[in-house]
Each structure stands twice: as structure tokens, then as C-alpha cells.
Amino acid sequence: MSTDRRTLNVDVLARVEGEGAMHVRIDGDTVADVQLRIYEPPRFFEAFLRGRAFTEAPDITARICGICPVAYQTSAIRAMEDVCGIAIDDGPIRALRRLLYCGEWLESHALHVHLLHAPDFLGYESGIAMAADHRAVVERGLLMKKAGNVLMAAVGGREIHPINVRVGGFYRAPTRGELAPAAELLERARDAAIETVRWTGTLPFPDFEHDHELVALSADGEYPIDRGRIVSSGGLDIAPSEFDDWFVEEPVAHSNALHARIRGRGAYLAGPLARFNLNFDRLSPAARETALAAGVGPTCRNPFQSIVVRAVEMLYACEEALRIIAAYEPPDPPAVEVLPRAGVGFGVSEAPRGMLWHRYELDAEGTILDARIVPPTSQNQLAIEHDLRAFVQRHVRLPDAELRDRCEQAIRNHDPCISCATHFLTLDVERT
Amino acid sequence: MSSAPEPRRVVIGIGNAARGDDAAGLITARRLGGLEHEGDPVALLDVWREADVAVVIDAVSSGAAPGTVYRFDATAAPLPAQLRGSSSTHALGLAEAIELGRTLGRLPRRLIVYGIEGERFEAGAELTPAVAAAVEAVAGAVGAAP
């Protein structure tokens, strides 16, 4: 009801990886506009990739995001192999890729759940403040994170930005013995994940549901991580090469990022909630049971419960990694030969934040002529704005400070990886 | 067991190799045969846990002249403002990772942080000359110190 115009500029989203800004305009008691403004570096990297060798793409794209290098590498590698007529869909090389990816899921989710998202629910301003009172919870998160680190180091050669991966496979395959320390840690991380699923299930969740079309990968008999077809809750079931027939990326005035939408249908949501809803039956039995006992599944439409879903995915990642290690025989040779040829190829995988789609065009020598990268955050941007608009409307009478905190939490539900650019994410509330 | 063991010292550079001056810490660490750590600084809690002395080098963006070098002993106190505004795009910054370590009792016995003021942090940018010179200076100082 206020006729004053108030503006807040607060560095509220410092715990979201990367930077951007959120602008909310409220007229009286009505939310007039919600805009996320995001700077998006993949656009730069797309230009940077042109003229480079196809073998360089994994290392270059790995640097787009400090938190999910494996996702970028995997999508890039699969796309390059696709151009060159190779599909590594099973066997030990593929198993190693999936194992490495499990490490990244663990690292990313463990950080998000325990140090970024949980403090929102418990009223702490940061994970550090929470750690003083909930030491065991944070230690559990760090244990899971470490299991991810150790796995990344054993398979990828380094804990962050794996240097051991290449188009066609790996430079060097780890021995069974080299994976043993990771397995030992993963056993403990699995127990910790069960505890975290239970614990997150007890957090206070706002009563809030969305009805976005959910989009995730789907692969026979497995929870989607490193490959699959693109499916949706609206009945979509397409090959990665058909992405452009069904999805469109459009520039918007208020953000550097392109906004993706399903042609003729609009906003959609990718990420843990989408994966979970579309693939619940492909989780391991223990992950399913633990999820149900914690009150989520087989469907979950409350974005605040994404914290439980991430915990369930951590449990799954531990079990899947242990399963792969138990059956592991080092691939010999560690990579298949991939000879370049002219053409177009597509690669898609499930980054911790959601589907990550790459498309490359090569000439006969393997020089990259064109690159396109559609990261999960640009896919989710519209859905996040829709969530926020509904959420702010419901809480429009809250004081700005409290509203700001709630918005921060609502954005964090989707763990946007605005990543990759600039320095400040500010929330700007304008009331007229 | 007859003599005191050598103090274990680890040199860690952090940043993003593809973002111009944000690579300053990484390059310094490479000069010294240290660890190059791209990505999330929380992982450092395990890296430095067993160390007697950890030296961390990061790029900073505080508004000072490019190439300005800060040195701070974080063993007993949080990083000052100039070193907090790290240019890194990590989920938790170095300053927060240090405070988390302090809260959980996971800091090395001694923790020294060097900040090198950067100018350009865009993806694909080159290292600016003043920052390149600062890298040499810090590498010299850290390499000489016990």
C-alpha cells in the first residue's frame, strides 16, 4: 500500500555461484515484474572455440564453470565423438566417465546442500555461521565432498578440472588399486548421505508447488548422468540432435543470458527435481526407499524440497560409484582413436544443475567451425522467474529485508550457476 | 624420531586459468611447483589440513593499482576487506573457506595469504604486464621464505 518507492541493493546472492542480479518491481500489493539479470560467459567461450582443434574443446569448456568442469567436458566429448561417428555408450571407458561424473555430483551437491542451501532453512546467514551450531551436519557434507574430490583425483588426475579426460576416453586409466581409497571413502559417504537425506527431510518447507514442464535426460535402466535422450513431463522424447526442433533460445533485454523455452509451450525446468520426477524408478532401491521415508517421491513439485532431492542424488552417486568400482577393469587402451571428419555433432549430459547441451560443427581436419552451448541456468531462468513472481506475490506484505531473504532461498532452490562472470549479485526491490 | 621433522609446507594457487589476471595465483604456484587449484576453495580444507604452513595465492580486485601485492597472516584473523573481494567465481570464496576452516578447527598451523591485484578478469583476457611482474615478485618472496 505504500506509495514510497524503495530500492534495495544488497549483495544477497553471494552464495550462488557466479553473479547476476535480481530485480523485483511491486506496485502496491501486486508484483509487476521479476527479472533475473545474468551475465553469461558461454557466449564468449563459443566464440573462443571457433578455430580451435576438436581435441581442445574438453579443456577449454571445462573452464566455463568452476563447479562443474566434468559436465562441460563430458558434453563436449560426446558431441565431438558424435561428429566423428563414435558413440561410447558402454564398456569400461564409459564406466569411467560415469564414475568421474559421480564425483562431480558429490562435490557440487554436498557444497550446495550443506553450506549454501541448508542455512536458508535454519535462518543462518551463511554456512560458516551454521557450522558453529551444526558441526556434525557440516562435517558430514565435507566428508561427502571429499569423497567426490578423491574420486575426481583418482579418475580425472586432479580434484578440480580433470586433466586426464580426452576425446575418445582417457590419457591413462586408473588401476583397480588406485580406486580403492575412493571406494573406502565412498562407503562412509553413502552412510553420511543417508543421514543427510533423513535430516533434510525434517527441514521446514514452505507450502509451494510449481507446474513447470520438467525436462531431463533418460537412459535405459539407469539414472541419467552422462548421456541419454531428452524427455519431459509433457511427453517429449527426442534425441539430442533434435533439441533445436523443440527448444528455442531467445535474447531478452534485461539479461545477457539467452532464455530457453520449449517452442509453443514456454518455460521449463531442468535439474535435480526434473531428473528425480522423470527417473524416480531408476534410482537405486536404497535411494528410492530413503527418499520416500524422508517424504519425497515418486513425484516432488515443491522446489524447496530440491534440497532433499539433491541429498538423494548424492546417495545414488555414492552407490553408483561403488557399483562401477566393484566391476571395474581398466580399459586397455584407455582411449579409442577418434579421427576427425566434417560434420555436426551433439552431446548432452546432466550437470549437477541440469541438462547441459553442446553442438559443434567441424571441418574435415577437426577444426571447430561453430560451437553452441546451452547451460542449465539459461534453461531454468524463465522458470526461476515464474517461481519468484508467484512466491513474491504470496509474501508481498513482508518487509523488504525478509522478502529478500525468502527470494534468495527461492532462487537457491535451483542452484543457478550464473557462474562464470562478474562479481556481484544484487537484489533490487522497487515498490511504487 | 631423533630430530624434529621438517615443517610441512604447501603452496597453493587459486583462480581460473581462462580469466586473465584471475590466473595470477595459479601461475605463481606453478613457478614454485605448488598446487594449482581451480574451482571451489572449500576443498582446501583437506589440502592444507596436514600442513604446518600453507601459503595461498589468489588474484584480488580491490580497486588498487594492478600488480599491487597484499600479504596477510590469516592464522589468527579473517582476511581483510581488500583480500575478500576475490575475483573468483567460486561458490564460497577463499575468505569464507578460511573462516569455515577456523570454525571447524581445520586450518593449518600457519596460513599466509597473498593477494595479487588484477585488472582484467574477462574470459580469454591476457595477464596484464603489471600482474605478470607481481607474479614474479611473489614467486620470489614465497620461494625464498621458509
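Q: In this predicted model, what makes helix 10 (residues 285–293) of chain A and helix 11 (residues 306–326) of chain A roughly antiparallel?
A: The two helices pack at an angle of about 160°, with their axes 9 Å apart. Angles over 145 degrees count as roughly antiparallel. Helix 10 of chain A and helix 11 of chain A are therefore roughly antiparallel to each other. Their crossing is right-handed.

Q: Which residues make the contact of helix 10 of chain A and helix 11 of chain A?
A: Helix 10 of chain A brings A:A286, A:A287, A:T290 and A:A291. Helix 11 of chain A brings A:V312, A:L315, A:Y316 and A:E319. By class, six residues are nonpolar, one is polar and one is charged.

Q: How do you know that strand 6 (residues 213–218) of chain A and strand 7 (residues 229–232) of chain A pair?
A: Pairing needs at least two bridges. Strand 6 of chain A and strand 7 of chain A have four bridges, in the antiparallel sense. In one of them, A:A216 is partnered by A:V231.

Q: What makes strand 7 of chain A and strand 8 (residues 237–238) of chain A a pair?
A: At least two bridges are needed, and these strands have two, in the antiparallel sense. A:I238 in strand 8 of chain A is the bridge partner of A:I230. The hairpin has four residues between the strands, and A:G235 takes a positive phi near 95° there.

Q: Why should residues 86–90 of chain B not be read in detail?
A: Their pLDDT stays under 50, on a scale from 0 to 100. Where pLDDT is low, the predicted coordinates should not be read in detail. Chain B averages a pLDDT of 86.

Methods
Residues are numbered from 1 along each chain as its sequence is written. Chains are lettered from A and ligands numbered from 1 in the order in which they are written. This is a predicted model: local features need pLDDT of at least 70, side-chain atom pairs count only at pLDDT 80 or more; totals for chains, interfaces and linings use all residues. pLDDT is the predictor's confidence in each residue, from 0 to 100. Two residues are in contact if their C-beta atoms, placed from the backbone, lie within 7 Å. Axes are lines fitted to C-alpha atoms, for helices over the stretch in contact, and angles run from 0 to 180 degrees between N-to-C directions. Angles under 35 degrees count as roughly parallel, over 145 as roughly antiparallel, 65 to 115 as roughly perpendicular and the rest as oblique. A crossing is left-handed if the near helix is turned anticlockwise from the far one by less than a right angle, and right-handed if clockwise. Ala, Val, Leu, Ile, Met, Phe, Trp, Tyr, Cys and Pro count as nonpolar, Asp, Glu, Lys and Arg as charged, and the others, Gly among them, as polar.
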